[in-house]
Amino acid sequence: RNAHPNAPDAIADLVFATDAEDSNVGSITFTVPSKTFSQDALTGEVKVFLTLDNQQLPETTATPGSQFSYRTDKLTDGNHSITVRLEANGHSNTESYATTYFGYDTPQSVTDINVAYDEAQKTATITWQLPEKGVNNGTVNIPDIRYRIVRYPDNKTVARSARGISFTDKLNVQFNKYHYRIYPYYSSNPDIEGKGANSSTTLMG
């Protein structure tokens, strides 16, 4: 919606991000507009109203053109939303919104799966990549990730807690077409498991 001509202009760079050291801590940052909605110079005190998940945070003030930052902590796992409203000259600007996932997110499916079959050694070396962001675009606790790997068509679990992004399967199988399905999960909470991803089919045995 349009704001009053003397109200602060809309925020152009609102960021609601997780802390690099703690995914349950968030920071709200933006540049306070230096102009009014009518694009005249904005002067004087700007009141900042923050609402986190429908709960209003303490009111604060800023100056036009300054960098604003506010830190939130002890956010529960899941999506959290922030609303920012600025007021100056007795008028409010258009509200800005951002939603971010906090806590460790469910890992996405692995990508770039490759199977290298060594006929002489009777081994298959599987490699893959894990996306850095989770299914909700949240943080993934990479050191805690393990992988369950199942071979088909014999439906054999060849690894229950593989680490890293490679695994070598020592084969004792009939000659056939085989593929692997890889599931990422957290070792500290195995119920949080990403969807399985399939490799291409390889003749082995």
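The model is a predicted one, in which local features need pLDDT of at least 70 and side-chain atom pairs count only at pLDDT 80 or more, while totals for chains, interfaces and linings use all residues. Residues are numbered from 1 along each chain as its sequence is written, and side-chain values use heavy atoms, with hydrogens and water left out.

A search of the whole structure finds four aromatic pairs; rings of Phe, Tyr and Trp (its six-membered ring) pair if their centres lie within 6.5 Å, and planes under 30 degrees apart count as stacked, over 60 as edge-to-face and the rest as tilted. The ring centres of Phe 16 and Phe 102 are 5.0 Å apart and the planes stand at 50°, so this pair is tilted. In another pair, the rings of Phe 30 and Phe 68 have their centres 4.8 Å apart and their planes at 25°, so the pair is stacked. This pair also links distant parts of the chain, with Phe 30 in strand β2 and Phe 68 in strand β6, 38 residues apart, and both of these residues are buried.

## The sheet β1-β2-β6

Three strands form an open antiparallel sheet in the order β1-β2-β6. Strands are DSSP runs (E, at least two residues), as helices are (H or I, at least four), numbered from the N terminus, and two strands pair if DSSP finds at least two bridges between them. Strands β1 and β6 stand at the edges with a single partner each, so one side of each is left without a neighbour in the sheet. The twist averages 20° from one strand to the next, where axes are lines fitted to C-alpha atoms, for helices over the stretch in contact, and angles run from 0 to 180 degrees between N-to-C directions.

Strand β1 (residues 15-18) is joined to β2 by four bridges, the two running antiparallel, and Ala 17 stands opposite Ser 27 in β2. On the other pairing, six bridges join β2 to the antiparallel strand β6 (residues 67-72), with Gln 67 in β6 as the bridge partner of Thr 31. In a regular strand the side chains alternate between the two faces of the sheet. Strand β2 (residues 26-31) has a covered face of Gly 26, Ile 28 and Phe 30, and an uncovered face of Ser 27, Thr 29 and Thr 31.

## The sheet β10-β11-β14

Another open sheet has three strands in the order β10-β11-β14, with antiparallel pairing. Its edges are β10 (111-118) and β14 (166-170), each with a single partner strand, so one side of each is left without a neighbour in the sheet. From one strand to the next the twist averages 15°. Five bridges join strand β11 (residues 123-129) to β14 in antiparallel fashion, and the bridge partner of Thr 127 in β14 is Ser 166.

## Side-chain contacts

Ser 188 lies in the loop between β15 (176-186) and β16 (189-193) and is exposed, with a relative accessible area of 59%. Its side chain makes a polar contact of 2.5 Å with the side chain of Asp 144; such a contact is a pair of N or O atoms within 3.5 Å, of which, within protein, one must be able to donate a hydrogen and the other to accept it, and residues adjacent in sequence count only if both atoms are side-chain atoms. Ser 188 and Asp 144 are 44 residues apart in sequence and 6.8 Å apart in space, C-alpha to C-alpha.

The charged end of Arg 85 sits over the ring of Phe 49, 4.1 Å from its centre, the criterion being NZ of Lys or CZ of Arg within 6 Å of the ring centre and within 35 degrees of the ring normal. Arg 148 lies over the face of Tyr 183, at 4.1 Å from the ring centre.

## Overall dimensions

The secondary structure of the protein chain comes to zero helices and 18 strands, and buried residues make up 40% of its 205 residues. The radius of gyration is 25 Å, whereas a compact globule of 205 residues would have one near 17 Å; the radius is taken over C-alpha atoms, and the globule rule is 2.2 Å times the number of residues to the power 0.38. Along its principal axes the C-alpha trace spans about 80 × 30 × 25 Å.

How values were computed:
Buried < 20%, exposed > 50% of the residue type's maximum accessible area, 1.4 Å probe, protein only.
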